[in-house]
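Take a walk through this structure. Keep the sequence and the 3D view side by side as you read.

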Amino acid sequence: MTQANDYSLAELCIVAASRAFENDGEVLATGIGVIPRLAASLAMKTTNPDLMMTDSEAWMLSEPNPLGKRADAFVPATESWMGFSRIFDNVWSGKRHAMLGPTQIDRYGQSNTSALGGTYEQPKVMMLGARGFPGNSISHPNSFFVPSHNTRVFMDGECDFVSSIGYNPARLPKGHSLDDVDIRLVITDLCVMDFGGPQHQIRLVSLHPGITVEQVQENTGYPVHVDGDVATTAAPTQEQLDIIAALDPHNQRAAQIKDNPPGDRS
Amino acid sequence: MDKQMTAAEVVSQLEDGMTIGIGGWGPRRKPMALVREILRSDLKELTVVSYGGADVGMLCAAGKVKKVVFAFVSLDFIPLEPYFRIARQTGAIEVMEIDEGMMLLGLRAAAWGLPYIPTEVGLGTDIVTKNPAIKVIDSPYDDKEWVAMPALRLDVSLIHVDRADKRGVCQIAGPDHYMDDMYARAAGKTFVSCDELVPTEFFHNPAEARLVHWERSATTGVVHIPGGAHPSSCTPLYGFDVPHFKAYAASAKEENGIQGYLDQFLGASEEDYQKNVGGLDAIRSIELPTY
C-alpha cells in the first residue's frame, strides 16, 4: 500500500498505536479514549482480526462499533455479555491489552491517575482515582497514549501517586521480577517510545515526521535512550485512513490533539 | 412476606457512623432517591463504599461523610466529580483508595464471610503504601507476597433496580448489573428502590427471571420509586440527565454551591424533587447514552 500524503497527527497516532496490538493474538483490546479506541479498532479490522473488543459498556463485539451516535437501524455485532464484573475475570487471566492515558508517567513507567501535589490526605488536584490501573498493570500488557508530550506528563522524579506498577526496583514485590511488568508502546504527539532501553529505560522507537530527538528529550523530564538512527513513524496508508474514517464518522479524532495538526510537520 | 417500605423508613434504619454500600457505577443506576432521603436527614459520619458518582459527591458536599472507599468517583462525561474533588482538596474526608477489582474482591470476601481475599492487585503501587489497613502477606504455597484485600463489610447497601416484587425479587434489565449482587450480599441489610413494582407472576417467565442477580433473602426492603435513579441512568428505562449533571457540576463553582443546588432541586420529598426536575415523564424520556 502506498502511504497517504495528507493525514492528521491524530490519524498518524492511531495507526502507530494500532501496531501495539498487531502481535497480541486473541486478547481483549481495551482502548480508553478516542485515539486508543480507534487504534484497537483499526488493529482488529486489519492486522489482528483475532482481537476481542467490548462496546465500552457490557457486550463483546465481533466487529468494533463506530464511535458516537449511530443510526437507529445500526445493529452492533455482539458476541457475548461482558459486564464489569466479568471484565475482572478477563483482566486477572492476563488475556487483555489496555491502552490508556495517565496524567503522569515517570522514568520507571509508573503512572498516576489519582492526585497531584499537596499531601495524600489533602491533594492539590484530585483526579480520577486509581481506577483499574493497579490491577491492569500487574495482570496484563499495557500501552499509553499521551496527546501532549511535555515534562508535566513525563516528569522528573517519581509520580505523585503511583497508580500502576512500573520498572522500579525499589517497589518490586517479593517473588516478582521486573520482567513481570509488561509496558508496551508509549505513543505521543511527538513520537513512539517503549521501555526497551538498558535496565528498562524509556527508549525512542520512532519520531513523527518533522520531529527531532532534541524535541523529544527537551519535553521529557528524564533521559530517553536513543539507539542509533531513529526511524520515522510510518505514515498511514489510504486504506487505513478509509477504515479510520468509517470507524469515526463524526470525526471525533479531530478534537483529540490541540489544533488538530497535520501528521507531517517537516 | 411484604418488604415494601418508604424511603423515609429506610433512612430511619440508618445510624450515624454506619458503613453504607451504594450500588451502580459512576452516573449509572444509582439509588439516588434513597441518597436524597439521606440528604434530607441529619445522618452523619458515614463511611461510603461505592463505584462513585454523584451519590458520593452529594453526600460529601452535604457533610454526611467521614470516609470514602473508592477506586474512582466520576460522572463519565464529566470525568472528575466536582464535589468529591472539593472534599479531597480541602482534606474534609478520609479515604481508602483501591483498585476497581479490589473493591469487587472486598465485597466478595464480606459476602462469603472471609477476612480477606489474596490478590496481586495493588502490589508495587501506592495502594499498598497509602492504606495502612491493607496488608501484604506471605503465601503458604509460594515464595511471593500477596495483597490481602480485606472484606468490605457493609452495614447497609442501597441499590436501584428496574423491577422488584414486594418480596424482594429484584430484576436488573439493563445490560450490566455492575457489582450490585455483591453489594447486596456484603451488607447486613440491603434496601432496594425499584422503578416498577411487579407481581411475583412477572418472574414466572424464565427470560425475566434470568435477569434476577441475587435471591430475595439478600433483600431487606423494597421501595417503589419510579424514576428513582435520576439524574443517573436506569438503562433501558432512561438515560442519565446530561443538562442536570452539567448544572450540578456548575454549582460546585459557586460559593456555597451545594446549598444552591439542594435549594433548587431537593425539596421535602421525592415528589417535590421530581416536580423540580420536570416530572417523571421527563425523566423517562431521557435518551439512553451511546458508548
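This is a predicted model: local features need pLDDT of at least 70, side-chain atom pairs count only at pLDDT 80 or more; totals for chains, interfaces and linings use all residues.

Residues are numbered from 1 along each chain as its sequence is written, chains are lettered from A and ligands numbered from 1 in the order in which they are written, and side-chain values use heavy atoms, with hydrogens and water left out.

Start with the sheet of chain A. Helices (H or I, at least four residues) and strands (E, at least two) are DSSP runs, numbered from the N terminus. Two strands pair if DSSP finds at least two bridges between them. In chain A, seven strands make an open sheet with mixed pairing. Their order is β1-β5-β10-β11-β12-β13-β14. At the edges of this sheet in chain A stand β1 (28-31) and β14 (231-232). Each has a single partner strand, so one side of each lacks a neighbour in the sheet.

Now look inside the sheet. Strand β10 (residues 142-146) of chain A runs parallel to strand β11 (residues 183-188) of chain A, and four bridges join them.

Which strands does helix α2 of chain A lie across? Helix α2 (residues 34-45) of chain A lies across β1, β5 (96-100) and β10 of chain A. Its direction is about 150 degrees to β1(A). Axes here are lines fitted to C-alpha atoms, for helices over the stretch in contact, and angles run from 0 to 180 degrees between N-to-C directions. Contact means heavy atoms within 4.5 Å.

Two other helices of chain A also meet. The axes of helix α1 (residues 9-18) of chain A and helix α6 (residues 238-247) of chain A come within 11 Å. They cross at roughly 100 degrees. α1(A) and α6(A) are therefore roughly perpendicular (65 to 115 degrees). From α1(A), the contact uses Glu11(A), Ile14(A) and Val15(A). From α6(A) come Gln240(A), Leu241(A) and Ile244(A). The contact residues of α1(A) and α6(A) split into four nonpolar, one polar and one charged. Here Ala, Val, Leu, Ile, Met, Phe, Trp, Tyr, Cys and Pro count as nonpolar, Asp, Glu, Lys and Arg as charged, and the others, Gly among them, as polar.

Move to chain B. Strand β8 (residues 154-164) of chain B runs parallel to β10(B), and nine bridges join the two. Within that pairing, Phe191(B) in β10(B) is the bridge partner of Leu158(B). β10(B) also pairs in the parallel sense with strand β11 (residues 221-224) of chain B, over four bridges. There, Val192(B) has Val222(B) in β11(B) as its bridge partner.

Buried means under 20% relative accessible area, exposed over 50%, and partly exposed in between (1.4 Å probe, protein chains only). α2(B) is mostly covered, with eight of its eight residues buried. Among them are Arg36(B) and Glu37(B).

A salt bridge is a side-chain nitrogen of Lys or Arg within 4 Å of a carboxyl oxygen of Asp or Glu. By this rule there are 25 salt bridges over all chains. Arg284(B) and Asp195(B) form one of them (2.6 Å, N to O). Arg284(B) is in helix α12 of chain B and Asp195(B) in strand β10 (residues 187-197) of chain B, 89 residues apart. Arg284(B) is partly exposed at 30%, whereas Asp195(B) is buried at 1%.

Arg28(B) and Asp76(B) form another salt bridge (2.8 Å, N to O). Arg28(B) lies between β1 (19-22) and α2 (32-39) of chain B, and Asp76(B) between β3 (65-70) and α4 (82-89) of chain B, so the pair ties together parts 48 residues apart in sequence. Arg28(B) is buried at 6%. Asp76(B) is partly exposed at 25%.

Finish between the chains. Glu287(B) and Lys69(A) meet in a salt bridge (2.5 Å, N to O). Glu287(B) sits in the segment after α12 (280-284) of chain B, and Lys69(A) in the loop between β3 (59-61) and β4 (78-81) of chain A. Glu287(B) is exposed, at 54% relative accessibility.

Conventions
Angles under 35 degrees count as roughly parallel, over 145 as roughly antiparallel, 65 to 115 as roughly perpendicular and the rest as oblique.
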